[in-house]
Amino acid sequence: MDASYLVKNSAEIPSPALLVYVDKFQENLKKAIDLAGSVDRLRPHTKTHKLDRLVRLKMKAGVSKFKCATLAEAELLARCQAPDVLIAYPIVGPAVGRLINLLRAYPGTEFTVLADDEGPIQDLSAAMTSAGLVIRVMLDLDVGMHRTGLPPGEEAVRLYQLIETLPGLLPGGLHGYDGHLVQTDVAERCQAAAACRGQVLGLKDKVEKLNLSVPRVVVGGTPTFPCHAAVDGLELSPGTIFFMDYFYRQRIPDLDFQPSALILSRIISKPTPTLITLDTGSKAIAADPVGDRGRILNLEYNGFYRQSEEHWTIEVPDSGRLRLGQEVYILPTHICPTFAWQQEVYAIDGQGRCYDTWPVIARDRRLSV
């Protein structure tokens, strides 16, 4: 294990705890800006961490555009006075009223939302018109992930024209997320990313030929970030890249970013000569994707035996050589839900000392609106 991850005053930290190595986070941020070619091209995703302190560090580095998934994350960004926030999630049902409250409460932030269907677009127009408000709407395109969005064909052109004509709405551009592209081979991944990007840019050309404005194109996530960064005129929206969890470290080795968030755990039991139990259960670390939920960095082990809510039993060569209370550092497989499990994180400085705790504010679904 890299000694720079060992926390000097770890005895003061109750476990399980999520540690954020602030200097490493800032180094990753600088590297991402350099790779993007300009800080103006970055629109980092806030769903990864949901923390105002990290938003402010990004803003201090010059980031002014943000992406998020929930209205609570959008409000968190607005509280930080982020000037430009994309809510990359369909706004339907009661979320429309909450969005109106958000716009009224934070007039200094320009909000943009996604849409992929005529019904919600019409509903949003009616609600905005009734409230005397205007909001930008980006068309969400399905470029292969099949989660949200619509295919970039004639129906997409028609919906973009509809956004242009309806009161209370302004066309915000095009969005295409290719999160299904996780090929380990960088050439293969970038080739697939180019195909996804081509679908979005092809629709952009069609729309612009109708004299419609496409003010921005937002594409990609962490795996395809370097692929899209090589193409001008795009906004890039990585999230995990600033933390580099175990999944991406293992699957996307060409991303030269360092882990900046680990779980501090402790051995609480030694039930057999070849088993130990940690205090990091499924309520402290993400349970997805299928497979190992993390990588233990400072302990020799043979495999993972069982995890329950507050316990994680690990197979080891000889539990007798280990002591109860011994500290264990874990790199989570999926960092985003791991953040969401925490009420607070522990900020670690460049000298390896914990100097503060930061609340994970937007883990809640509702802040005030």
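**A serine in a loop**

Select Ser-319 and show its surroundings: setting aside neighbours within four places in sequence, Ser-319 is in contact with Lys-270, Thr-272, Pro-273, Thr-274, Leu-275 and Ile-276. Keep in mind as you click around that this is a predicted model. Ser-319 belongs to the loop between strand 13 (312-315) and strand 14 (327-332). Is Ser-319 buried or exposed? Its relative accessible area is 5%, under the 20% cut-off, so Ser-319 counts as buried. Now pick out the Ser-319 side chain, which reaches the backbone oxygen of Thr-272 at 2.7 Å.

**Two helices crossing**

Next, colour helix 1 (residues 22-36) and helix 2 (residues 52-60). Two packed helices are described by the angle between their axes and the distance between the axes. Here the angle is about 45° and the axes are 11 Å apart, which makes helix 1 oblique to helix 2. The crossing of helix 1 past helix 2 is right-handed.

Which residues meet there? Show side chains for Val-22, Phe-25, Gln-26 and Leu-29 in helix 1, and for Leu-54, Leu-57 and Lys-58 across from them in helix 2. By class, that contact has five nonpolar, one polar and one charged residues.

Stay on helix 2 and select Asp-52, Leu-54, Val-55, Leu-57 and Lys-58, which are buried. The buried residues of helix 2 pack against strand 1 (17-21), helix 1, strand 2 (65-68), helix 3 (71-79) and strand 16 (354-359). Just after helix 2, stop at Gly-62, where phi is positive at about 110°.

Most residues other than glycine have a negative phi, and most peptide bonds are trans.

- Gln-81 has a positive phi near 65°. Look for Gln-81 in the loop between helix 3 and strand 3 (84-90); at 66% relative accessibility, Gln-81 counts as exposed.
- Met-244 also isn't a glycine, yet its phi is positive, about 50°. Met-244 sits in the loop between strand 8 (235-236) and helix 9 (246-251), and it is buried, with a relative accessible area of 0%.
- Ser-15 and Pro-16 are joined by a cis peptide bond, with omega about 0°. You'll find Pro-16 in the segment before strand 1.
- Asp-288 to Pro-289 is a cis peptide bond too, with omega near -5°. Pro-289 lies in the loop between strand 10 (275-278) and strand 11 (294-296).

Key:
Residues numbered from 1 in each chain as written. Predicted model: local features only at pLDDT ≥ 70, side-chain atom pairs only at ≥ 80, totals over all residues. Heavy atoms only, no water. Axes fitted to C-alpha atoms, helices over the stretch in contact; angles between N-to-C directions. Helix = DSSP H or I, 4+ residues; strand = E, 2+ residues; numbered from the N terminus. Parallel < 35°, antiparallel > 145°, perpendicular 65-115°, else oblique. Left-handed = near helix turned anticlockwise from the far one by under 90°. Contact = heavy atoms within 4.5 Å. Nonpolar A, V, L, I, M, F, W, Y, C, P; charged D, E, K, R; others polar. Buried < 20%, exposed > 50% of the residue type's maximum accessible area, 1.4 Å probe, protein only. Polar contact = N/O pair within 3.5 Å; in protein donor to acceptor, adjacent residues only side chain to side chain.
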